[in-house]
Amino acid sequence: MRPPKRTINIITSWVRRQPPKVKAFLAVVSGMLALVLLRAIVHDHDNLFVAAEAVHSLGISVLIYKLMKEKTCAGLSLKTQELTAIFLAVRLYCSFVMEYDIHTLLDLATLATTLWVIFMIRFKLKSSYMEDKDNLPMYYVAVPCFVLALVIHPSTSHHIINRIFWAFVVYLEAVSVLPQLRVMQNTKIVEPFTAHYVFALGVARFLSCAHWVLQVLDSRGHLLTALGYGLWPSMVLISEIVQTFILADFCYYYIKSVFGGQLVLRLPSGVV
């Protein structure tokens with residue numbers, strides 16, 4: 001009988017040899033199969049959103065362990081942490097004034113841990129921070145999101161400022177991981193704790209995307225109508241899909257590395 005690891009290596013080698021269009025097709029098919037599976041086993045799809053927040057918190061916990069145990073923040077992007085803190089803080093504000101629920105408490109806990117990570121990187125472990133590798137300016141990410149929010153935002157009855165903030169959160173969350181991907185692109189080698197954290201982000205983004213897609217399917221499109229009219233409902237769905245696919249390539253190499261028994265993840269050129 002062929003060993004499982006040998007089979008996985010053969011499959012990954014075959015996928016790697018395929019042209020980009022075939023890889024994209026396989027990714028879409030895999031995503032659709034995963035959605036079908038989640039729809040079959042998860043009856044209350046709100047649990048997917050809670051699970052996404054829980055996995056994100058787990059990823060932050062991995063960072064905390066790394067910072068406390070290894071006393072280094074090498075390989076981490078301070079800018080991604082600060083962008084994460086920004087969208088969590090704005091989303092907390094929106095939750096308090098628009099829809100206070102369990103998600104508010106989850107966001108509060110995640111924001112607190114994210115602020116602690118920022119404090120550690122900025123002050124306690126500053127000497128190990130790779131500032132030269134973390135070279136994607138924050139305004140390249142945040143400003144386009146805010147401009148887009150001014151143009152495309154919900155058409156609900158809430159105050160216009162709150163609607164713009166809500167849209168800003170959706171757009172910024174989708175791309176907040178870009179500085180972290182730039183750091184990994186610059187270093188090409190990702191140590192285990194950072195890899196675990198980014199993979200957790202990828203899983204969290206997929207679960208969040210699955211939550212929205214399944215909600216739309218179950219409501220037969222009525223959810224999009226409830227979100228308002230114009231381009232906003234489509235932009236919500238597109239943002240969820242974008243933030244999933246941004247990390248899809250990294251997650252593929254992470255899984256391949258884990259099954260291959262490699263502790264340190266080495267990224268080929270062109271990844272992320």
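## Basis

Residues are numbered from 1 along each chain as its sequence is written, and side-chain values use heavy atoms, with hydrogens and water left out. In this predicted model, local features need pLDDT of at least 70 and side-chain atom pairs count only at pLDDT 80 or more, while totals for chains, interfaces and linings use all residues.

Helices are DSSP runs (H or I, at least four residues), numbered from the N terminus.

## Helix 7 and helix 11

Helix 7 spans residues 160-175 and helix 11 spans residues 232-246. Their axes come within 8 Å and cross at roughly 20°. Axes are lines fitted to C-alpha atoms over the stretch in contact, with angles from 0 to 180 degrees between N-to-C directions. The two helices are therefore roughly parallel (angles under 35 degrees; over 145 is roughly antiparallel, 65 to 115 roughly perpendicular, the rest oblique). Helix 7 passes helix 11 in a left-handed crossing (the near helix is turned anticlockwise from the far one by less than a right angle).

Contact means heavy atoms within 4.5 Å. Helix 7 brings Trp166, Ala167, Val170, Tyr171, Glu173, Ala174 and Val175. Helix 11 meets them with Trp232, Met235, Val236, Ser239, Gln243 and Ile246. By class, this contact has ten nonpolar, two polar and one charged residues. Ala, Val, Leu, Ile, Met, Phe, Trp, Tyr, Cys and Pro count as nonpolar, Asp, Glu, Lys and Arg as charged, and the others, Gly among them, as polar.

## Helix 4 and helix 8

The axes of helix 4 (residues 78-98) and helix 8 come within 7 Å and cross at roughly 170°. That makes the pair roughly antiparallel. Lys79, Thr80 and Leu83 in helix 4 meet Leu178, Pro179 and Gln180 in helix 8. The contact divides into three nonpolar, two polar and one charged.

Helix 8 covers residues 178-187. Its buried residues are Pro179, Gln180, Leu181, Val183 and Met184 (buried is under 20% relative accessible area, exposed over 50%, partly exposed in between; 1.4 Å probe, protein chains only).

## Thr110

Thr110 lies in helix 5, residues 102-124. At 0% relative accessibility, Thr110 counts as buried. Beyond its neighbours within four places in sequence, Thr110 contacts Glu53, His56, Ser57, Ile60 and Leu88.

## Positive phi values

Lys71 is not a glycine, yet has a positive phi of about 55°. Lys71 sits in the loop between helix 3 (46-70) and helix 4. Lys71 is exposed, at a relative accessible area of 56%.
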